[in-house]
Amino acid sequence: MAATLPPPAASTAALEQLSSTKMFGGCNLRFRHQSATLGCPMTFSVYLPPSPASNLPVLYWLSGLTCTDENFIIKAGAQRAASAHGVALVAPDTSPRGLNIEGEADSYDFGVGAGFYLNATNEKWKNWRMYDYVVKELPKVLSDHFEQLNTSQASIFGHSMGGHGALTIYLKNIDKYKSVSAFAPIVNPINCPWGQKAFSNYLGSTKSDWEEYDATCLIKKCKEVSTPILIDQGEDDKFLAEQLLPRNFEEACKAVRAPLILRMQPGYDHSYFFIATFIDDHIAHHAQFLKSA
């Protein structure tokens, strides 16, 4: 039987349900809504476990370059562990879509599918405000439409560009999230080609503005991190040396004594096969902090 939502309050924005699929006793749901932050329709996916029936903690997943909200839900195999731990999964899309900005689809690593979870300051890319969408708008949409979710009990994780997003969002909002983890994250984007291309176009040429969206820079200024940060990184990842730079983040964490669990995984690459292998560990990691408060 397809899951249905209670009717939203009259003041809330409309939410269109696109699909519903039962899995491990719970339900995968996909929705579309008009985003006021991004100025376009956005989709997101939710997995609701079968229990508890209320006060469900929320674990946000941020995907990487070229992905949509569906990649994680279809490929990661996260629902079994989410069901076992009683944690809801929420996966937004990776950028605005359908705005037809010149150049938005010219390359895989900028524009559509490559929002980098920041708020663009370049006027041309003013709709690329994925930071505000993830941190502010999406939680409000969830709390307005899902009475069973407790959005104040939230954690965040992601992959590659999404790992960058999860780490930077967590470090800028430690009061909002109980924990963070990442798979093969872009941890020092100001020093890698992906980050330099995105930041120069979205944020302009001022390097200090870039640092506000760089986990390695942010952790150096963050003295409040007490919850261990979990990162899994495949040693056979073709992007490891040039784009991901986990050792830079590791050194920054050591300098401020921030607890980091960096697991270098021999033989693993950058794919969802890698993510699926270790996804249960990450959900268990978050569950212990989501359930402890």
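The following legends describe close-up views of a predicted model.

View 1. Nine strands form an open sheet with mixed pairing, in the order E1-E2-E3-E5-E4-E6-E7-E8-E9. The edge strands, E1 (15–23) and E9 (260–265), each pair on one side only. On average, neighbouring strands of this sheet are turned by 20° against each other, direction ignored.

**View 2. Strand E7 and its partners.** Strand E7 (residues 180–183) runs parallel to strand E6 (residues 149–159), to which 4 bridges join E7. Within this pairing, Ser 181 is the bridge partner of Phe 157. Strand E8 (residues 229–234) also runs parallel to E7, joined by 3 bridges, and Ile 231 in E8 stands opposite Ala 182. Both faces of E7 are covered: Val 180 and Ala 182 are buried on one side, Ser 181 and Phe 183 on the other.

View 3. Together with E6 and E7, helix H4 (residues 161–172) makes a right-handed β-α-β unit. Helix H10 (residues 272–290) lies across E4, E6, E7, E8 and E9, at about 175° to E7. Helix H3 (residues 130–145) lies across several strands, including E1 and E6, and runs at about 60° to E3.

**View 4. Phe 116 in the nonpolar core.** In soluble globular proteins, nonpolar side chains tend to be buried together. The largest nonpolar core here has 97 residues, and Phe 116 is among those that touch the most other members, as are Phe 44 and Tyr 202. Leaving aside neighbours within four places in sequence, the contacts of Phe 116 include Leu 65, Met 161, Trp 194, Phe 199 and Tyr 202. Asp 109 and His 164 are also in contact with Phe 116.

Note on methods
Residues numbered from 1 in each chain as written. Predicted model: local features only at pLDDT ≥ 70, side-chain atom pairs only at ≥ 80, totals over all residues. Heavy atoms only, no water. Core = buried A, V, L, I, M, F, W, Y, C linked by side-chain atoms within 4.5 Å. Buried < 20%, exposed > 50% of the residue type's maximum accessible area, 1.4 Å probe, protein only. Contact = heavy atoms within 4.5 Å. Helix = DSSP H or I, 4+ residues; strand = E, 2+ residues; numbered from the N terminus. Pairing = 2+ DSSP bridges. Right-handed = clockwise from strand over helix to strand, strands pointing away. Axes fitted to C-alpha atoms, helices over the stretch in contact; angles between N-to-C directions.
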